[in-house]
Amino acid sequence: MAKAPSKTTAFDTAAGDGGETHQQAAKGADDTAFLTTNQGIRVSDNQNSLKSGARGPTLLEDFVLREKIFHFDHERIPERIVHARGSAAHGVFECTKAIPELTRAAPFQAKGKQTEVFTRISTVAGGAGSVDTPRDVRGFAVKFYTDEGNWDLVGNNIPVFFIQDAIKFPDLIHSVKMEADKGYPQAASAHDTFWDFIGLMPESMHMIMWAMSDRAIPRSLRMIEGFGIHTFRLVNAAGESTFCKFHWKPVLGLQSTTWDEAVKIAGADPDYHRRDLFEAIEAGDFPAWDLGLQIFDEDFAKAQPYDVLDSTKLIPEEDLPVQIVGRMTLNRNPDNFFAETEQAAYCPGNVVPGIDFTADPLLQGRLFSYLDTQKSRLGTTNFHQIPINAPRCPMHNFNRDGLMQTQVPKGRANYEPNSLGDAGEDGGPRESPATGFTSFAASDTGSESGERLRVRPELFADHYSQARLFYRSQQPIEQAHIASAIVFELSKCLLPQVPQRILSRLRNIDEDLAKRVAAGLAMDLPDAAEAAREPVDMKPSPALSILEHGQPPMKGRKVAILFDEGSSLEAINGIKTAVEKDGGSVFLVAPKIGELKVKGGTLKADGQLAGSPSVLFDAVACAIMPDNAKKLAMDSAALGWFMDAYSHCKTIGYCPATKEFILDKLGIEPDEGVIPNDKFAGVAPARHWAREPKVRMLA
Ligand code: HDE
């Protein structure tokens, strides 16, 4: 006779906590402890599907299995066509300077006024699963849940854009994404189609200078600027308008990595930026940005050698200072990545009374695109009802029905005008002529009406002046990074016409830059491209250089200390205390992860040496005994740890044994950043750029 099949239960298969949870549910401790189907039916067995006999086929009747698999099959939604990879956090915007004379927008009416925000920072080109540190622009999207509705300031970490007119956006994105036939490269602009397009679009030259600069390889999402890019309008209660450019300035300062570092981080920790943001917020080290405005009028706009409606141009801060009006602090991680970060739907068209658009042809195209894309990504016109997108102020209108409608409007009033009852009661909501959103009547600018033409304004034809401005505003080491980045990218282009065309354009930006890139590629310099409009020399703007802002502070930076058995606890704690005093954090690295005996006690590492390369830290120190130093000198992970820190121009703190057995072997000589441990904390966050020419051939 066949033996009765044995029943495997959760008690048998779920070890430890799992079994206890199940027992708790069985006792009926708490409603949330019961696993149910989507229909609320309690599930008795979440380990085995329903079969006809122990070795028999699974039954179609198993609605628990079918529902679970059905739901799983549809877990993915279309990823964003651009900015697919992003990280986000909740926070608050606090007004530090009321500006009712400029705008009636609710967040700016009183000093101290707080507005809830949700901010998502992203890369542009890669897919949702791509790495965090490619050379790329970073999206910087802030949703303000204001008292008068949602305002989305959907910007980037670079104040200009590749193209001037929305009609070129699909071409730009097609060119930068994986090549159509090959399906690679992922999250990389270093390939033929991108540079082919760029070379044929001279308006992109300014943005290319930024994209090839260190701005495109940030150290942390907490250390980037944000820009609204377009010229917007502010409108006050009297209906008067000024132009406005929005700036976000990171409180932790601007900081970037080197290209070699970014490449290595991609392997060591593909989630480097996401982890950094999450962990900082989790630790209560809340990232913050000041919101600044550049305010100007029509006369200022007309006096500039560029068009303020052209998104490939910026207004130098030296010409028009940025006034700080508030601070955004990100203080809470999402509870659920999908529900919040993934389903967040930003739309530049979401503005509130007091904020308005201009005729920037790039902005105008965006006003269509985002709403449209949300329908395809989130599948319904009702995406505004998803909690992360829902306004925090009252929302009433006569929009009805649609896929996934979750509201249950009462009564008959689903049209207006109606005589079904009073406004706000049976008659439903009514328009508010006095307090509702009104568009600024912009005809006085003289620029927003005219014949229907497919043309661009005259000054849009200046493609090089601001590219030159940016390049010439950089410090020499930053210029070398730009030249080297272009060499690297073009070295990956196989079509012969592609580098030639770029070189011919670079000659219009800066002759020295063009020569350096040509030399880096071992190519002859072609004739300069014909410029649609002769570039003008603008006064250099130091604000455009990262390094002009000075050395980074310790606050928000991460220092690694390498130790091993026998290391001195006192020495390690000395470094730790000094780093933490200035707001930095310490990560302990050892060849083995378990508890190690050290002089003065025991110590457990936060990370194992091979899994914690120095590229993940802002500075490194090492306190080890001679015998261990001799062993580490035979280990490539240890040697790479020091060599990378050195070649990435970081501070290295050493003890005598590290110096004698490791640094000397590597040929690392003391300099202002290779210093004994007792001097380490005072210097640690700085990068020692003077070292770079010794360790890297730059273009
Ligand atoms: Fe976007 N952009 N974009 N963009 N963009 C999208 O909207 C688009 C542009 C930016 O974290 C998409 O929800 C067009 C400039 C950010 O969810 C899409 C044009 C700037 C994000 C779209 C531009 C941006 C997006 C894709 C040219 C800086 C991510 C998914 C006219 C000012 C928001 C989505 C988030 C996302 C269209 C140009 C910033 C397809 C047509 C310029 C930060 O709608």
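A polar side-chain atom of arginine 120 sits 2.6 Å from an oxygen atom of the ligand; a polar contact here is a pair of N or O atoms within 3.5 Å. Arginine 80 does something along those lines too, with a side-chain N or O atom 2.7 Å from a ligand oxygen. Histidine 83 reaches a nitrogen atom of the ligand instead, and its polar side-chain atom is 3.4 Å away.

A quick word on where this comes from: the model is predicted, so local features need pLDDT of at least 70 and side-chain atom pairs count only at pLDDT 80 or more, while totals for chains, interfaces and linings use all residues. Residues are numbered from 1 along each chain as its sequence is written, and side-chain values use heavy atoms, with hydrogens and water left out.

## The shell and the iron

In total, 22 residues surround the ligand, and Arg80, Arg120, Ser369, Tyr370 and Gln374 are the closest. To count as near, a residue needs a heavy atom within 4 Å of the molecule. Sorted by type, the shell has eleven nonpolar, eight polar and three charged residues. In that sorting, Ala, Val, Leu, Ile, Met, Phe, Trp, Tyr, Cys and Pro are nonpolar, Asp, Glu, Lys and Arg are charged, and the others, Gly among them, are polar.

Which helix gives the most to the shell? That's helix 11, with six residues. Strand 3 (138–146), strand 4 (149–156) and helix 11 (361–378) each supply at least two. Helices (H or I, at least four residues) and strands (E, at least two) are DSSP runs, numbered from the N terminus.

Helix 11 also holds tyrosine 370. Its OH is the only protein donor of the ligand's iron atom, at 1.8 Å. Donors are N, O and S atoms within 2.8 Å of the metal (3.2 Å for Na, K and Ca), and since water is not among the atoms, sites may look incomplete.

## Aromatic pairs

Searching the whole structure turns up 20 aromatic pairs. One of them is phenylalanine 140 with tryptophan 289, an edge-to-face pair at 5.4 Å centre to centre and 80 degrees between the planes. Phenylalanine 140 is in strand 3 and tryptophan 289 in strand 8 (residues 288–296), so the pair ties together parts 149 residues apart in sequence. Rings of Phe, Tyr and Trp (its six-membered ring) pair if their centres lie within 6.5 Å; planes under 30 degrees apart are stacked, over 60 edge-to-face and the rest tilted.

Most residues other than glycine have a negative phi, and most peptide bonds are trans. Methionine 404 has a positive phi, near 60 degrees, and lies in the loop between helix 11 and helix 12.

The bond from glutamate 416 to proline 417 is cis, with omega near 5 degrees.

Terms used
A polar contact is a pair of N or O atoms within 3.5 Å; within protein, one must be able to donate a hydrogen and the other to accept it, and residues adjacent in sequence count only if both atoms are side-chain atoms.
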